[in-house]
Amino acid sequence: MALATGAAATVEQLVAETLQAATNPSHEIVQKAEAQLREWEQQPGFFPTIARLSMRRQSRSAVDAASDAEVKVRWMAAVYLKNGVERYWRPNSRQELPAEQKQQIRDVLIQHYDAEEVPQVALQVAVLLGRLARTDYPRFWPDLLPTLIKQLQACRTEAESGAECALQQRILLVLHYVLKALASRRLMAEQRAFEEVGSQIFSYLAWDIWAPLTARFLQFVRKEESVALSALQRCYVVMRSLRKLVVYGCAKPYKSTDHMNFVEQLFQRLRQCLELRYELRMGSMTPVTSSILTELERFILKMMKTLNELMERHSISFARFVPVALEFSFHYVFHEGTALIFDAGDRMNFSTFAIQALNMLKGIMLSGNDTISAPADGLSGMSLEDELLAGAAQSHAKFFTAERVTYICEKIVTHYFLLTQQELEEWQQDPEGYDQDDGGGDAWKYALRPSVETLYFTCFTQHSQVMIQEVLRFVRRAQQLQLSADSDLKAILLKDAIYNAVGQAAFHFFNKLDFGAWLTSQLLAELRVEAPNFRILRRRIIWLVGHWVGVQLPRELRPLAYEACLHLLRRQEDMPTRLAAARTLNLLIDDFEFMPEAFHPYFPSLFEALFMLLHQAEECDTKIVVLGTMTLLVEKMSEYIEPQALQFIAYLPMLWRESEEYDLLRCAIIGTLEQLVRTIRDVPEPMKPFLYSVIKLSTDLQQHSHVYLIEDGIMLWLAVIGNSTALTPELLALCDHLLPIIEMSSENLRTVLQLIHAYILLDAQAYLSRYGESFVAYCVRSFEDIRVEGIIAMLRIFETCLKTDAAMGLRLVQPALPFVFQQVCLKQEYPMTMGWYLTIVARTLLIDQTVFMSVVQELPQADALARILDVWIEMFPMVPDTHAEKRKLFCLAFASIFGSNELLLARLPHILQLVDETLGEVMDKQYAVAEEGAAKTTPRFYDSLVIHDEHELDDLQQQLGSGGGEDFHSKGYSAKTYHDDRHRQLVLKDPVYKIPLTEYLKWQLQSLQVQLGAQRYEQLMRSVVPEVLERITMYIEQTVPKACVVCAGSSGTGNGFEYGSGATSADDTLAGGSVESG
């Protein structure tokens, strides 16, 4: 369909029918309609047509405009246009709408938006206008705000007509979303532009709209409720706009009289509205009164949020109101004003207001750190900013006296920390939901208990001495209060509040409270009381133990804590208490001082109790908590886990099936499986199909759940490969997912490369023959785009290919060699990266010199070989001393090309100097008796990197330390995996660790002498530094095979020289000037 042809009415009718179909209950009809709309999006005139359809124009009759079908079409058109703005409106986007179409849409919206009477459609239109304003105002739509203000000025605030009031409310709603969008812009110039807008309209909105509407509401609320409700609804909308203008529309509100007077008015109106709310609640409740009460509470909260945001963003401006704000918030949450927000039975009826007031008090308390002290001669001579801050400091000090802080502490502990009847009912009705730990993050902004706890902790940080003394007084009171099974609920709740107060600030009581004595003398006894109401104390006490684990819980008392956890994990205990015990157990075993030997006697019983809790839990979050504790137990108790692991493993497949709709729970299950696989090493055969299916699902990019599971799935996969002894067809088939993962994103590149490395070590022939070429091709494509760490990881895999199967590895890696050699020629990389490039060059040279020369000839530089040799010689000294094996590899490669080539002969003195330095690093001394019966010993040398068996490999690994660890282990594996064993076997096959450097050097120098002739050879040797040549000759002549029994560094006599088992001589290993790995 071409929207540019045909009658406009026909076009609109067709689009309207399609929009109406998009609201049909039938899924198939909706899909067809959406497909048709997507097809029309590219047609000229489509979005202006949509804009016209979203408007209720005066030409339509009131009956037609209010019909259900018409409303649905307008609503869907507004939604579709709003979503289209995201894709087609932004300047410079690929599918940006033409300027004339944009202007058509803007004209239609600004002309007809105020005619919409359906609130849902009006809201969508207002949001749409806000999004357009964010992009177009003021550059492309400069008359937007002037038009809105002009329309608003045409409405009378004191109007009694319902239509006129509704029109004013719709204009205010659009104005709010426009201002909200403009306030969200973050560029400095845009923020300054919004501040200019704020300076122009703030006074009008505050004093000509908000103030009269608020007064009108208060005037009519007791006379004509419908008039009052209309005024309050408009007042709420304009308050939302004023909030943005106060917080974001003025850089320095303290310099604006209008802003300061407005904030002062907010405190006055808040007091009036709170009093009015109380009166309305106490009076008779009609439907209109109920609506007024709901709107009034929203209005109060909006004013409180405005004050709190002003305090956070403009602390200097708010400093003027610190005395008023302190008295206000304290009065309503701690003093006489609490009667307005609490029922007669101490049940709070306006918790959202209390949260805002508590947060205001906390913010002011914290802002005391930023204030300054007033000078001794008063405030004269200070800047306005310093004067405001100094005044706030004086108010802060005057308000927070020791008596006031003590009073606040007492109210928090004895009032706000008490469990309410509502919380006890939630405990009873939804045990698992009640105990969810939601106190983290920003919960203090939205929930009452976290906000009280945050204020309480802030009191400790700001007034620690007073708070510590007061809470210790409560502790003594709790110790004196002896409870029994018959004690009333009130006493139990008080103790629970006191224990909560101690736990919330546990670190402040270090060396101030003997928790161990308190635990043994009272708390453990209260844990054993089985009365129904004592479940409150049992849960709180075990929670308190968890909070003291990292503070001052003596090691000798930890067995008592284990026993307490075991006691509270019983099946007959209620769910919140069991979950609290599980969390405390997690803290106990994750502590630095945890001793597996001391925990072992309790381990079987505790693991069984946790397993039972996991089986009985129904909520996803509960299972995650328990599973996390069990996973940590598996990790910490790896030496003792196998008897319990089998039952646990058998349950996990069922839990996996039950968690199909809960991706976060599946993440926890995968983490548990990974820990189990790493711990038990030998994976049971019945478990393997389940593991493979989990890995397959979590790494399949076609599954929607891969977004949540892929990272944990790869780590599980890595653990499975590390503990596998053979490459089964199922394991090999999983590799179909590897390349798609890293082609989609480099986020998991590191772990995927570790996986590929592990596969090559497991079975290089099987993996490389199937996936080797595609992997190398991916690397060649990616070299230019990935970071240095990724390139090094790929080069490490290339080296492993060359070490495991030299011929096959070189054939596979050959397409990447031109890039590697070219990087060496260019010499633009850092030494570490260059060291890895040169490693690949050296391995290639040792395996096949023909391939080496063919790659050199492919390079664009005519003198490529000379450049490579020069860079190699120059970069050689930059190889760290901790990488002696790499220096030896380079020397073997250099020695392999000793010949009559003039390029090489010209650089031979430099090469021999590098060889001399390397020999000094890798050759160690051992002593033997020169002649039988003689007293003196003669030093002899051996190649310390030559390894005969795994015992010598362990010794060498310890000598190399972290620098050589990369040759023996890969990250993520412990020293007990089969993957580690394969690493060790690969090291034993490496020519670097098999061939004595001096023997190979001797053999190659002899070959060079034969090629050059004695005279030319002697002439060449005279160009070498005499000391260098002398040391090399000494090393060659005094080298002996590494003895099985060596007294290294000792001057005592040896037992002669013997070849250890597996010793390899150069003549047996080297042939034709090349060395084939493996």
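Helices (DSSP runs of H or I, at least four residues) and strands (DSSP runs of E, at least two) are numbered from the N terminus. The model is predicted: local features need pLDDT of at least 70, side-chain atom pairs count only at pLDDT 80 or more, and totals for chains, interfaces and linings use all residues. Residues are numbered from 1 along each chain as its sequence is written, and side-chain values use heavy atoms, with hydrogens and water left out.

**View 1. Helix H19 and the residue Glu-425.** Helix H19 spans residues 421-429 and contains Glu-425. Glu-425 is partly exposed, with a relative accessible area of 34%; buried means under 20%, exposed over 50%, and partly exposed in between (1.4 Å probe, protein chains only).

**View 2. A patch of negative charge on the surface.** Glu-425 gathers here with Glu-426, Asp-430, Glu-618, Glu-619 and Asp-621. Patches are made of residues with over 30% relative accessible area and no salt bridge; like charges are joined within 9 Å, and nonpolar side chains (Val, Leu, Ile, Met, Phe, Trp, Tyr) within 5 Å. A salt bridge is a side-chain nitrogen of Lys or Arg within 4 Å of a carboxyl oxygen of Asp or Glu. Asp and Glu count as negative, and the place of a charge is CG of Asp or CD of Glu.

**View 3. A nonpolar patch on the surface.** Leu-664, Val-707 and Tyr-708 together have about 340 Å² of accessible area (Shrake-Rupley method, 1.4 Å probe; for residues, only the protein chains shown count as cover). Val-707 lies in helix H34, residues 706-722, and is exposed, with a relative accessible area of 58%.
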